[in-house]
Amino acid sequence: MNADDFERYGTEMVKYIAKYMRTLPERRVSSDVEPGYMRGLLPKHAPTKGENFREIMKDVEKIIMPGLTHWQHPQFHAYFPAGNSYPSILGDMLSDAIGCVGFSWAASPACTELEIVVLDWIGKLIKLPSAFLHEGGRGGGVIQGSASECVLVTLLASRHAAIERAKTYPYIDDGYVLSKLVAYSSKLAHSCVEKAGMIGLVKMRQLDVDENYSLRGYTLERAIEEDRRMGLIPFYVCATLGTTGCCSYDNIQELGEVCAKEHVWLHVDAAYAGNALICPEYQHHLKGVENVSSINFNPNKWMLVNFDCSLMWVRDRKALTSALTVDPVYLQHEHDDKELDFRHWGIPLSRRFRALKLWFVLRIYGVDGLQNYIRRHVKLAKLFEEHVRNNDLFEVVGKVTTGLVCFRLKGPNALTQRLLKNINESRRIHMVPALVNENYVIRFAVCAESATDDDIKYAWHEIVNAAEDLMSSKHELEKMNVFEKFESCELSETESEDEVFDQELFDPELIFDQQRSTLKRACERRNLFHRMVSDPKGFNRTLLRALSIDGHRKIRSESDLEEENGEVQRNNQKKKSES
């Protein structure tokens, strides 16, 4: 493909994308394909000869589109928003065309410098202290691939600093100190925090939250005191602004005061809700930020920037670079500053020009446009909350402060679980669950950029219809003992979490993880939504049927295999004759 071909086909691709976005409402939000559907539609080997672009695009519509869950669909209300906008797509196109690898200033000066500028722009916008900025501060911001990377990188940096502080005598081994380190998060923190502890080989304690699902300072202080008495070394806390399950907020001011007193690194993971900090009415959540060591949020969630784009700021860039700097393969350029050399700020050496798409979005929408977008989503979430509260069948769980509403049917957890199953199988709207304390809830997230009141009304209409159908058949389902196993979902004074989350508790027809050997531990340590995010097969019943260890996999007959092989051979022969 030469430049002329690219111009012609690129124009066609832009038209295809624009048509796809305009006609999304005409498609079902989720697919109904069976696992392995694609293998029989594609050859067993890569093509020897190049193929025509238009033929490839025909296969996109025929093979790819039927297997997609459409995250930009107006009735996609699962997970969190997947940031997307035309300016961001254009910025990524240009980045891909430039094709630079910006691992250092000298490798592509504009790549590094634009990243510095836009991170300072946004840092000022959300009212971070000047210490977090490149402009005149000791810290600065950088773009990482995900919040998971931000958490891991800051944990490794704080681990390095803790080991250096603890080695008061030169003969103390790093491994000995490492065995004493302990980190903390709330029990509602994202699974990436637990994973970072596993990768970093440190102990990770998950602490209880209060009645508002918030981690408080006194809880952390008590845990640190207990661990110090046991000879452990507290070194890192990951607080959350906008928890994954129900978008609750840890108390940053209280946690910061404890961390400052105990000389512990405090990181704030604000992956979703942190985007709202560009609106002044949300900036009170950063009260106490002066005691925070690092913070991140993801514009690729709620600021119209395509994945991947996670922004991370640190108060002291030396603490980061000293932990992650190794002798480079390529010698340092005379103009390179190690502290501003972003290859020393994260795990990967190679870095894409991600600042371009962020820059495009900031300039085309402007701060006003982005603030209006976030406020509109919050308004729509409030509209949905009003519908829930005005219906006696339902109740809201937690406070609605962003574009997320958690709700459930009144009654046993199984009722809400059955409702969600029925709704998702209709493929008219798509949502996912969470287990918030003992409550099985449905998460309704406002995701589409151009979401409207009518979209909310449509979704609520579908939910109410499904709920009324379910309630009308409730007596028949009770006779079939569908709900019997869920009656004891609430913890009693004598029950342990182990007993409540017994592998026999959940209906196998509705269970989100049929691998019983791992279910119990997963239930103890991670709510349903977190497990679903870490392992998508955990909520896809179609996929579970295909992967089930209980022998439910559909086995193709010998005649089926012969027919498939014959079809592939005929296709290959046809392509050879055409070429």
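What share of the 579 residues of the chain count as buried? The share is 51%, where buried denotes under 20% relative accessible area, exposed over 50%, and partly exposed the range in between (1.4 Å probe, protein chains only). The model is a predicted one, in which local features need pLDDT of at least 70 and side-chain atom pairs count only at pLDDT 80 or more, while totals for chains, interfaces and linings use all residues. Residues are numbered from 1 along each chain as its sequence is written, and side-chain values use heavy atoms, with hydrogens and water left out.

The chain holds 20 helices and eleven strands; these are DSSP runs numbered from the N terminus, with at least four residues of H or I for a helix and at least two of E for a strand. Of the contacts (heavy atoms within 4.5 Å) with a separation of 6 or more, 71% are made by residues 24 or more positions apart. The chain exposes about 28,400 Å², of which carbon and sulfur atoms supply 52%; accessible areas come from the Shrake-Rupley method with a 1.4 Å probe, and for residues only the protein chains shown count as cover.

Four strands form an open antiparallel sheet in the order 8-9-11-10, two strands being paired if DSSP finds at least two bridges between them. Strand 8 (394–396) and strand 10 (432–436) are the edge strands, each pairing on one side only. From one strand to the next the twist averages 40°. Helix 13 (residues 413–426) packs on this sheet and touches strand 8, strand 9 (404–409), strand 10 and strand 11, with its direction at about 35° to that of strand 11. Axes are lines fitted to C-alpha atoms, for helices over the stretch in contact, and angles run from 0 to 180 degrees between N-to-C directions.

Strand 10 and strand 11 (residues 439–445) run antiparallel and are joined by five bridges. The two strands form a hairpin with two residues between them, and Asn437 in the turn has a positive phi of about 55°. Val436 has Asn439 as its bridge partner in strand 11, and Ala434 stands opposite Val441.

In a regular strand the side chains alternate between the two faces of the sheet. In strand 10, Val432, Ala434 and Val436 lie on one side and Pro433 and Leu435 on the other, and all are buried. Strand 10 is thus mostly covered, with five of its five residues buried.
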